[in-house]
Amino acid sequence: MSELNPRTTHYEFMGPPGAFAVTFGVPFLTFGLSLACSEASGGCPNSWWDIPPNLIKAVSSLDWWFSLFDLQAFVLYLAWYAFCVVSWAILPGAWVEGSLMRNGQKKLYKINAFSTLLLVLGITGGTLWSKGPAIFTVIYDRWIGLVTASVIMSFAQAFYVYAMSFQPGKLLALGGNSGNFIYDFYIGRELNPSVGSFDIKCFNELRPGLILWAIINFAMACEQYTRLGAVTDSMVLINAFQFFYVADALYNEPSVLTTMDITTDGFGFMLAIGDLAWVPFIYSLQARYLAFHPVELGPVFTSLVLALNVTGYYIFRVANAEKDDFRNGRNPKNLTFMITARGTKLLTSGWWGRSRHPNYLGDLLMSVAWSLTTGFSTPITYFYPVYFLVLLIHRQLRDDENCYKKYGADWEKYKALVPWRIIPYVY
Ligand code: NDP
């Protein structure tokens, strides 16, 4: 077993101090952005420097501490999570094999995330039809309580999977077996924690967080509608862009099985809080801002933002499809590739010949388009592209290191053929 699960000797994220800082920093930032950019705090500040005073003002009030835990919001969140689990269990779906693991096995994953989204759409549409938009504003009203519920869920799951990873026979993540509790808890000790055939990591990656993000955006549109009697063009755009992004990820669910999160990273606090709290409650910042600060973009600006989003999506989708096809033994465009000593091949033309992470470029362009829907009154709604740029550069560096470990000298050859990391001719 120690051969299969060697000790992790190399730390990422600056080791245990970095893991500790992020474990507390991410919930702090999630609450921070919810508080500092809110109607209750007087809106979204004009500069980043106004955030700390806004935050201090909020947390100095005893009422705020009492508002952190909201039973109704907690029950609502638990009901949502339970709904996603039940949908996974009862909706039909094909069982698809994941990548080959170090123990020589392949896991089976049930593919029905898109059906879950369709079910949610049906229920949402029916509720809107019968009860009107006001019923969805509960999400806006109980925001902080919902954030708290998702943070509690993230901690609970991270503790659970950490404890279960000590059961005999578990396959650990190569990066999550350092023996340091803080680090392994954060990075994820077990590679694929499961309850029976229910894979916790893959489930969290796509369903409870991503679909909730789309629901939150819709709830923000309802909030705006109840105030204005209409929704602005910017609100329509942000809902359409992000819904499309979510629907695309769910529709292409099998693609997630070849991503770094599934094949390499363990499931720990990093992925739990990212999937369950950060994605739905931070990525929806633009729509939440527009709910209390309506912006009309006009036809010219709308067209420009739309063009940027479509370009980003095109690069993101085509690049991901090229790699996904290739990893599944198909090469419909006859792209060139190199054969490595490890046995796997690497594409050297098409989007993967232009840069080593063309999919990140497309994702980044979309993130800028999303923020542009909020206009230019505050820089806070531009948090997402700034954070995302940092995340993707860090992710590219991690993947580069992992690929060097996997491919050795072949990876250096590939890098010589494809020198640009994300943005061709720039980075
Ligand atoms: P990638 O999809 O880029 O996958 C990297 C892996 O692809 C490598 O480890 C390697 O694995 C394989 N690979 C690298 N080069 C080649 C090549 N030339 N030919 C064939 N295979 C190659 O990375 P991620 O898993 O990080 O990202 C997946 C998607 O998720 C991206 O679109 C990204 O933008 C998105 N994303 C979104 C986030 C968000 O919060 N919105 C966060 C993170 C990612 P191997 O060779 O072992 O197959």
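This is a predicted model: local features need pLDDT of at least 70, side-chain atom pairs count only at pLDDT 80 or more; totals for chains, interfaces and linings use all residues.
Local features were kept at pLDDT of at least 70 and side-chain atom pairs at pLDDT 80 or more, while totals for chains, interfaces and linings use all residues. Residues are numbered from 1 along each chain as its sequence is written, and side-chain values rest on heavy atoms, with hydrogens and water left out.

Salt bridges come up first. The criterion is a side-chain nitrogen of Lys or Arg within 4 Å of a carboxyl oxygen of Asp or Glu. Searching the whole structure with it turns up 16 salt bridges. One of them joins E322 to K333, with the closest N and O atoms 2.8 Å apart. E322 sits in helix α15 (residues 298-327) and K333 in the loop between α15 and β5 (337-339), so this pair, 11 residues apart, links distant parts of the chain. Helices here are DSSP runs of H or I with at least four residues, strands are E runs of at least two, and both are numbered from the N terminus. The two partners can also be sorted by accessibility, where buried means under 20% relative accessible area, exposed over 50%, and partly exposed in between, using a 1.4 Å probe and protein chains only. On that scale E322 is buried at 7%, whereas K333 is partly exposed at 48%.

D325 pairs with R330 in another salt bridge, the closest N and O atoms being 3.1 Å apart. R330 is partly exposed, with 44% relative accessibility. Further along, D400 and K415 meet through their side chains at 3.2 Å, N to O. D400 belongs to helix α18 (residues 383-407) and K415 to helix α19 (residues 409-417), so the bridge ties together parts that are 15 residues apart in sequence. D400 counts as buried at 14%, and K415 as partly exposed at 23%. There is also a network of salt bridges, which links E12, D265 and R398.

On to the helices themselves. The expected span used for them is 1.5 Å times one less than the number of residues. Helix α18, which carries D400, has 25 residues and reaches 35 Å from its first C-alpha to its last, close to the expected 36 Å. The residue that follows α18 is G408, with a positive phi near 55°. Helix α17 (residues 358-372) has 15 residues and covers 22 Å between its first and last C-alpha, close to the 21 Å expected. This helix is mostly covered, with 13 of its 15 residues buried.

Helix packing is illustrated by α1 (residues 15-36) and α13 (residues 269-282), whose axes come within 11 Å and cross at roughly 10°. Those axes are lines fitted to C-alpha atoms over the stretch in contact, and the angles run from 0 to 180 degrees between N-to-C directions. The crossing makes α1 roughly parallel to α13; the classes are roughly parallel under 35 degrees, roughly antiparallel over 145, roughly perpendicular from 65 to 115, and oblique for the rest. Contact is taken as heavy atoms within 4.5 Å. By that rule T23, V26, P27, L29, T30 and L33 of α1 meet F269, I273, A277, W278, F281 and I282 of α13. The residues of this contact split into 10 nonpolar, two polar and no charged. In that tally Ala, Val, Leu, Ile, Met, Phe, Trp, Tyr, Cys and Pro are nonpolar, Asp, Glu, Lys and Arg are charged, and the others, Gly among them, are polar.

F13, in the segment before α1, has phi near 55° and counts as buried at 19%. N334 likewise has a positive phi of about 55°. N334 is found in the loop between α15 and β5 and is exposed, at 68% relative accessibility.

R7 lies in the segment before α1 and is exposed at 54%. R7 and L172 are 165 residues apart in sequence and 9.7 Å apart in space, C-alpha to C-alpha. Leaving out residues up to four places away in sequence, R7 touches N177, S178 and G179. N192, in the loop between α8 (181-187) and β3 (194-195), is buried at 8%.
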